[in-house]
Amino acid sequence: MRLTATSRPVLLDIGFYVVCATFAGLSAVWSEFFGYRVWGAISLVGYLFGLGQAVVGLVRPGLSGLLADRRTPIVLIAITGFVVPLVVLLITRLHGVLWSEQPEVWVVERSTTLLFHHGTPYTDLATLGRPPVVDDYTPYGPVMTVFGLPRALLGATSPLGDARIAFAVGAVLVVAVALRVAGRPVVPVRAWQLVVAGPLTVLTASTAGDDIAVVALILLALALLHARRPVACAAVITIAVSMKLTAVVALVVLAVAVAVLGRRALGKFLVTVVGVGVVLNVPVLLVDPGSFVEHVIRFPIGLGRAHSPAASPLPGNLIARLGPIGHDVSLALLLAGGVAMAVWLLRRPPRTTADAALRIAVGLAGAIMLAPATRWGYLVYPVVLLGAAIALRAARTAPVPEVERANVGSAVAVSSAPERRAASAGVEDTA
């Protein structure tokens, strides 16, 4: 068999599906969580189909039809990796099966009930009469309580009230709006694989879901940046930050990208961020400032009265396990990574929406790798954003206007009449 230039995407497909199938198989056999085992066993079907299709396409190139379409496995994986496992887990949850839902699910649902009854989604730990434990915390912003509304309204006996359904529906709708705002670009198969079919995406969506909703809002904010709508972009990314502080990295990158559009655009962006942030957070903050800070800020960074259970064999967590000094070193490395990211943004601000997506992906990957309390599942953010960067670059998105480097270097000030330049070359992979 002779390999040609057209074989490259198929070879990448084979590698992608081998990794995905291996991950699913290992999850099905060895995961300690019931939901992960269910997901692994069912999703393996879709990944094996994708692998088989890719191998056939390599051996017999030129085949056509639905079974030869490289998008077919993505649809199948969405079904076997998300829809079917979620239905199984919803049914088992009704029967009280342990770990049929991740803690994120019932924590979000509980936060909505607390908000209704106490005006804040955060438990006052001082009223517990005992030392707080991890399950007492709600490490999310006030906006996350929206996804617990179905449970609060429909009750515990309805599977439709599960927060995972709200997360998934919300994410799909947000991504659909993002595609429309971006002008309905032709999305490469490779981008769809990373965004939709990757194990981190479908596993997270079927077992937890909160991160899927947040990253979907980041994608919408990028689409609004592409459409040169800084006010709407600021509003959307502020909503994401008010759901989970993970989105702060995206807010910073988007602010720099908007600064390249001009001082006026940056001013509108910042005013909107402050205004929307105040509206969404201050009412809850005023009810119980101490609980807000303890749950939303101190706990996620490992400084709460109870320690986050988030732990994966990533550098930051491994260092933090060495004790108090290790925890301080991990935080110092995280801070150093933030400084390095800031220098990169100021010296080379994103010129296109694809550049912004790539910088957000890199920034989040660095934060996840260096944070003292972290999970490998959080890597869904950089993986999805890498897919978005591929899609945006392949679509030849309009560039952010050129700026004078000297002006960007000083407080990200930009020239009042920036020149425009041609978009950077897209990814040659037709995937």
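Twelve salt bridges turn up when the whole structure is searched, a salt bridge being a side-chain nitrogen of Lys or Arg within 4 Å of a carboxyl oxygen of Asp or Glu. This is a predicted model, in which local features need pLDDT of at least 70, side-chain atom pairs count only at pLDDT 80 or more, and totals for chains, interfaces and linings use all residues. Residues are numbered from 1 along each chain as its sequence is written, and side-chain values use heavy atoms, with hydrogens and water left out.

Let's start with one of those bridges: Glu 109 and Arg 93 meet through their side chains at 2.7 Å, N to O. Glu 109 sits in helix α4 (residues 103-118) and Arg 93 in helix α3, so the pair ties together parts 16 residues apart in sequence. Helices here are DSSP runs (H or I, at least four residues), numbered from the N terminus.

Now follow α3 (residues 72-94) to α6 (residues 163-181): the two pack at about 155 degrees, with axes 11 Å apart. They are therefore roughly antiparallel, the word for angles over 145 degrees. Phe 82, Leu 86, Leu 89, Leu 90 and Arg 93 of α3 make the contact with Arg 164, Ile 165 and Ala 168 of α6, where contact means heavy atoms within 4.5 Å. Six of these residues are nonpolar, none polar and two charged.

Helices α11 (248-259) and α13 (289-298) each supply at least two patch residues.

Methods
Axes fitted to C-alpha atoms, helices over the stretch in contact; angles between N-to-C directions. Parallel < 35°, antiparallel > 145°, perpendicular 65-115°, else oblique. Nonpolar A, V, L, I, M, F, W, Y, C, P; charged D, E, K, R; others polar.
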